[in-house]
Every structure is written in structure tokens, then in C-alpha cells.
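Please look over the sequence and the model shown here, then follow the walk through its surface, cores and loops below.

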Amino acid sequence: MPSDYAKSLGARLRAIRTQQGLSLHGVEEKSRGRWKAVVVGSYERGDRAVTVQKLAELADFYGVPVSELLPGGAAPSPLAPAPKLVIDLERLSQLPKEKAGPLARYAATIQSQRGDYNGKVLSIRQEDLRSLAVIYDKSPVELTEEFISWGVLDAEARRAVESF
């Protein structure tokens, strides 16, 4: 029977994972098998003890301080998932390739990986925006504003980058 502390720790782990838009399988994929879905799930349920070393490694993987994972303090903030970044693929297809080529190639790669070919919109994660910002040599905030001006992101996307 898991202790209350193990359950609280697990709830914190789950909150951080879901904030980042990751499923248990997504954690396994993103970590290239370093973190098995079944193991992370057992940590989240409190069914399996997590060592301090593993907890530090998980915090590093999620990009959060270890203190965010430990019960007893304030809950991880925010508990709600980050606002979604939704690329308008129809608008993207109308833009000149010189301007939007990198974004179009990145979006096509994500669609291929997900098998998602609805052709209208594509949700991306904050980490995708960070990668795109490197490609475009801009900050994530600057790139978000540019994508909004192109019409490929709506103004709601600004909320998603407030934490940058």
C-alpha cells in the first residue's frame, strides 16, 4: 500500500508531466527509452519507491527544480496545462517559402511522426517553439509575435510563451 508521501510525490510527478503535454508513452519516446512508461507510471501511482538520484534525474528531464516534485510545499504552478500553440497549416501553406520554409518543414516532420495529416491545424509544444526559435535565430517570444503577424498562430499563443 503506497504511503501518503509516495502518493503526493506521484501526484506532483504526474502534474509536471501533464503540464508538459506528455503522456507516459511520450515520456518514454522523448527520453529515447531512458524512462520507461511503466516505471514512470508506477512512480506516479506511488507503487514504486523513487531514489533521490532518480528523482533528480527526472527533475532534470522535465526541466524543473527537484523542489517542484517534492510534496509539502506549494503545488507545482500552474496546475493547468500550458495554453496550446496551434499552427494554422492552411495559412502556412499560403506563405512564401523564403519566409516560412523552416516552419513548414518542421510542421511536416511533426505530422509525419504523429501520423497526423488533417491538414488544417497542428498543435506544437513549447519545446517545439524553442527549437524553432533557434532555427529562426529569435527568442521564443519574438518568434511567437512573428508567427502571429503571419497569421499562423492566433493571439492566444502569447499566453503560452509568458513563462519564457
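Leucine 70 is partly exposed, at 31% relative accessibility; buried means under 20% relative accessible area, exposed over 50%, and partly exposed in between, with a 1.4 Å probe and protein chains only. This is a predicted model, in which local features need pLDDT of at least 70 and side-chain atom pairs count only at pLDDT 80 or more, while totals for chains, interfaces and linings use all residues. Residues are numbered from 1 along each chain as its sequence is written, and side-chain values use heavy atoms, with hydrogens and water left out.

Leucine 70 lies in the loop between α4 (52–62) and β1. Helices (H or I, at least four residues) and strands (E, at least two) are DSSP runs numbered from the N terminus. Together with Tyr5 and Val66, Leu70 makes a nonpolar surface patch of about 240 Å². Such patches are made of residues with over 30% relative accessible area and no salt bridge, nonpolar side chains (Val, Leu, Ile, Met, Phe, Trp, Tyr) being joined within 5 Å and like charges within 9 Å. A salt bridge is a side-chain nitrogen of Lys or Arg within 4 Å of a carboxyl oxygen of Asp or Glu. Accessible areas come from the Shrake-Rupley method with a 1.4 Å probe; for residues, only the protein chains shown count as cover.

UniProt, in an unreviewed entry, lists residues 13–69 as "domain: HTH cro/C1-type". Over residues 13–69 the chain is 60% helix and 0% strand, and the end C-alpha atoms are 6 Å apart.

The largest nonpolar core has 25 residues, and Ile87, Leu92, Leu103, Leu132, Phe147 and Trp150 have the most contacts inside it. A nonpolar core is a set of buried Ala, Val, Leu, Ile, Met, Phe, Trp, Tyr and Cys residues joined through side-chain atoms within 4.5 Å. Two or more residues each come from β1 (85–88), α5 (89–94), α6 (97–114), β2 (121–124), α7, α8 and α9 (157–160). The largest share, five residues, comes from α6. A second, separate core of 16 residues includes Leu9, Leu58, Phe61 and Val64.

Two loop residues remain. Arginine 32, in the loop between α2 (24–30) and α3 (37–45), has a positive phi of about 55° although it is not a glycine. Arginine 32 is exposed, with a relative accessible area of 79%. Aspartate 137, in the loop between α7 (126–136) and α8 (140–150), likewise has a positive phi of about 55° without being a glycine. Aspartate 137 is exposed at 70% relative accessible area.

Conventions: UniProt positions are given in the numbering used here, feature names are shortened, and annotations may be inferred rather than shown by experiment.
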